[in-house]
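Open your viewer and get ready to select. This short tour tells you where to click next.

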Amino acid sequence: MKPILVTCYVNPDLDGVAGAIAYGEFLQKTGKNSVVGIIGEPHDEAKYILDRFGFEYPPMVENADNFDEVILVDASDLNGLEGKISAEKVIEIIDHRKVHEADKFPKAKAQIELVGAAATLVAEKFMQSNVDISKESATLVYGAIISNTLNFKGSVTTDRDKIAAEWLNKVAKLPEDFWKDLFIAKSDLSGGKLAERIEGDFAWFVMGDKKVGIAQIEMIGAKKLVNERSGEIVQVLGKIKKEMSLDFIFQNTIELEDIKNFFVAQDSETQKLLEKVLKVQFAGVVAERPNLIMRKQIVPLLKDELELK
Ligand SMILES: [Mn+2]
């Protein structure tokens, strides 16, 4: 029997990487023949934890061609798989997005629950089954929860995330200010890293008869970035909009220390849409919004607006 591939979307973030690694460990420890394989390039934040603690990088795979069965963690839409995993092979999905496409995977048993991190759902499996978690997985999953909940300040945060994080840190033993190290690690967007990050963490959605692209950057120093480099940002967004024939495109820039968002959009249609749905006001190409809102929370709001028509 071939092992089951445990993976996430292509070019995964920390939540996807941590969730896949930890769930692979859980399955192996509970007697399931599975292997972890990451497709594409993990986000800087995942690399930061792997490097800082000297953990081994997860194995990389090109696609799921050599596997008959696949489990997805932190992924449940076809766009994110970039055609590298056929929907028919997916037997299980663990995700935490309100807007998802779990119904497009005919054989998958889907667990979609709106907690802060998909990794929380994986941690709960260890907790519920009384299975010990390795220090590697505990550290990665703890980091993923910190990252996804914006250190428990994002409104996606649930008590389940906090309980899981507390449980994990008994094994991971990370210092109180670990969140800051983690967030500083992803805040270096000097030079070409900005365009790389925009393209690397880009996602697009079909809403009604429109295609909406959303870039997301989470960092310390967002105000400075949009003040100094919004020209570059709109240039990259304009290029993506054209290449992908999108109707709307914007960047959600999340400031992790001051707890606010900066939206960057150039075309007036996108600006009007965001002003209406998110109750913001653009000045030039930037609109500021208090509190933290993440892409996965913006998507359902835009969908309601665009599918109403
Ligand atoms: Mn996630």
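Two strands pair if DSSP finds at least two bridges between them. Strands (E, at least two residues) and helices (H or I, at least four) are DSSP runs, numbered from the N terminus. The model is predicted: local features need pLDDT of at least 70, side-chain atom pairs count only at pLDDT 80 or more, and totals for chains, interfaces and linings use all residues. Residues are numbered from 1 along each chain as its sequence is written, and side-chain values use heavy atoms, with hydrogens and water left out.

**Stop 1: the sheet.** Select strands S6 to S11. They form an open sheet of 6 strands with mixed pairing, in the order S6-S7-S8-S9-S11-S10. S6 (202-207) and S10 (282-283) stand at the edges. Each has a single partner strand, so one side of each is left without a neighbour in the sheet.

Now pick S9 (residues 260-264) and S11 (residues 286-290). They run antiparallel, joined by 5 bridges. Click Lys260: its bridge partner in S11 is Pro290.

**Stop 2: the manganese ion.** Which residues coordinate the manganese ion? Asp15 (OD), Asp74 (OD) and His96 (NE2) do, at 2.1 to 2.4 Å. Donors are N, O and S atoms within 2.8 Å of the metal (3.2 Å for Na, K and Ca); water is not among the atoms, so sites may look incomplete. Along the chain, the donors follow the spacing D-x58-D-x21-H.

Asp74 lies in the loop between S3 (70-73) and S4 (90-95), and His96 in the loop between S4 and S5 (109-112), so the pair ties together parts that are 22 residues apart in sequence. Asp74 and His96 are both buried (under 20% relative accessible area; exposed is over 50%, partly exposed in between; 1.4 Å probe, protein chains only).
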